[in-house]
Structure formats: C-alpha cells, structure tokens
Amino acid sequence: QNASVACVIHSLDGLLLALGTSSLAGVEVAIVGAGNAGVLFGLYCQHLRGRATLFNRSLPRREFAQRLGSFPDDRICPLDSAPDAAFDVVVLATTIIDEDILRIGERMVSPRGALLLYGGTWSNLIRDGHDLNQVRRTGSAVSLVSQGKAIRVVGGYGCTAGDFERALGLYAEQPCVFPLSRFISATIGLDDLPKTITGMASGAFDPPGKILIRIAEKVEVGK
C-alpha cells in the first residue's frame, strides 16, 4: 500500500510543479475513480488542503469510500452526476483511461484548469496534436485546447525513494488521516490466489480495495 501512496504523492507533486504552486488550498478537485487509487488521491488532496470530490459509476466503490469516513457523503458521487466545467483539477484515477473517461474528464475541468492522467493509457490518446500516453508515461505536462477550453494536461507515473519515505512518514504521523489498514477488501490464503486472480481477470471478483494474502497460518514452534 505504501507504493500506492508514494505514486500518488509523486503524481500530485508533478501536478503542483506544473501549476507553479505548493498547495491545493481552496482548489476544487474531482477524482474520477473511487477504488484504491482514487480514494488515496482524495485523502492526499485533502492533506494538501484541496476540496476533493470522488466520482464513480460503481455503487460498491462509492460505498467503499464512504465506509472510510474520510469524506462528506456529498463528496462521493455517481459519475453521471458530474457537472460540466466545475473543477479546477480533474484526476483520472480509473484502471484504464479510454476515450470515454478522457472525454468525461475534459468536460468536467474548468477553463484554464488541469487534467491529471494517472490511470493506464494507450497510444491512441491524441489531443490537439499531443500524445497523451507519452505525457502520462514521462510525467510531463502540456498545454492544449480541449472542447473549446485551454487546459493543462499533466502525466502521473512512477515514484522515487523519497516518495516512499514521505508515504511512510504520512502513515506514521497521521494514521487516522491515512487509514491504510481499512483499505483491505478481502483476506485470502495463498491457496486461494489462483482462483482470485482468475475471478479478477474475468470480472467476477472486483474488490474496490486491497487484497491481503495470508502466506501461512500461525505455526507453533517446538522448544
């Protein structure tokens, strides 16, 4: 889980650098995706004093975010309720950013706002002559015109050793603000791993949070 937090920190650092600021104080931030990554973005945006709203099509994922108790209920919303041009920053934290998700993010962001690409991308995502797959994978930033609006598009990718250290520090110093242990959706044994992977690949099993794998039962060691 610390790796996920480190990647979120790294991505938002890149966003702040692209925006020329060190804080999200008063900034309206929409996060598209309310699974593990989306909720972590919401928590860290709030840590940076931003006003985070989570959007997801899936009711179980919205309920997962609500159970954490870290967001007001009116800040966890169905994706089809997202307003147009209402957010200074839109974070796309879905598993995959396809054309549909990209268009939704473009619609939600306000003029002169920023779009942060965090989910997986493909090479066919082109906007205003820019390859957004390359933007995401290099963690770079470009200015472009989208749906008649001038916006900034920033890529979020990877993390550094320093990001890991900051992630560990956040959890150690503020465990109530970053309740990582409550992100566990299921606990399985090692023998259950193959069928769990098969279920996730087929879509039959789709946990919103993390899966904890129990390597071995407690073993009593003889003297």
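**Pocket and aromatic pairs**

Helix 2 gives the most to the lining of the largest pocket, three residues. Helices here are DSSP runs of H or I with at least four residues, strands are E runs of at least two, and both are numbered from the N terminus. This is a predicted model: local features need pLDDT of at least 70, side-chain atom pairs count only at pLDDT 80 or more, and totals for chains, interfaces and linings use all residues. Residues are numbered from 1 along each chain as its sequence is written, and side-chain values use heavy atoms, without hydrogens and water.

Now the pocket. A pocket is an open set of points on a 1 Å grid over the protein atoms alone, where a 1.4 Å probe fits, with protein on both sides within 12 Å along at least five of seven lines; lining residues have an atom within 4 Å of a point. The lining has 24 residues, and nearest the centre lie Gly35, Arg61, Ala93, Thr94 and Thr95. Helix 2 (36-47) and strand 2 (51-56) each supply at least two lining residues.

Next, the aromatic pairs, of which there are two. Rings of Phe, Tyr and Trp (its six-membered ring) pair if their centres lie within 6.5 Å, and planes over 60 degrees apart count as edge-to-face. Phe41 and Tyr118 are edge-to-face, 4.8 Å centre to centre with 80° between the planes. Phe41 sits in helix 2, and Tyr118 in the loop between strand 5 (109-117) and strand 6 (126-127), 77 residues apart. Phe41 is buried at 0% relative accessible area, where buried means under 20% with a 1.4 Å probe, protein chains only. Tyr118, at 18%, also counts as buried.

Note on methods: Phe/Tyr/Trp six-rings, centres within 6.5 Å; stacked < 30°, edge-to-face > 60°. Buried < 20%, exposed > 50% of the residue type's maximum accessible area, 1.4 Å probe, protein only.
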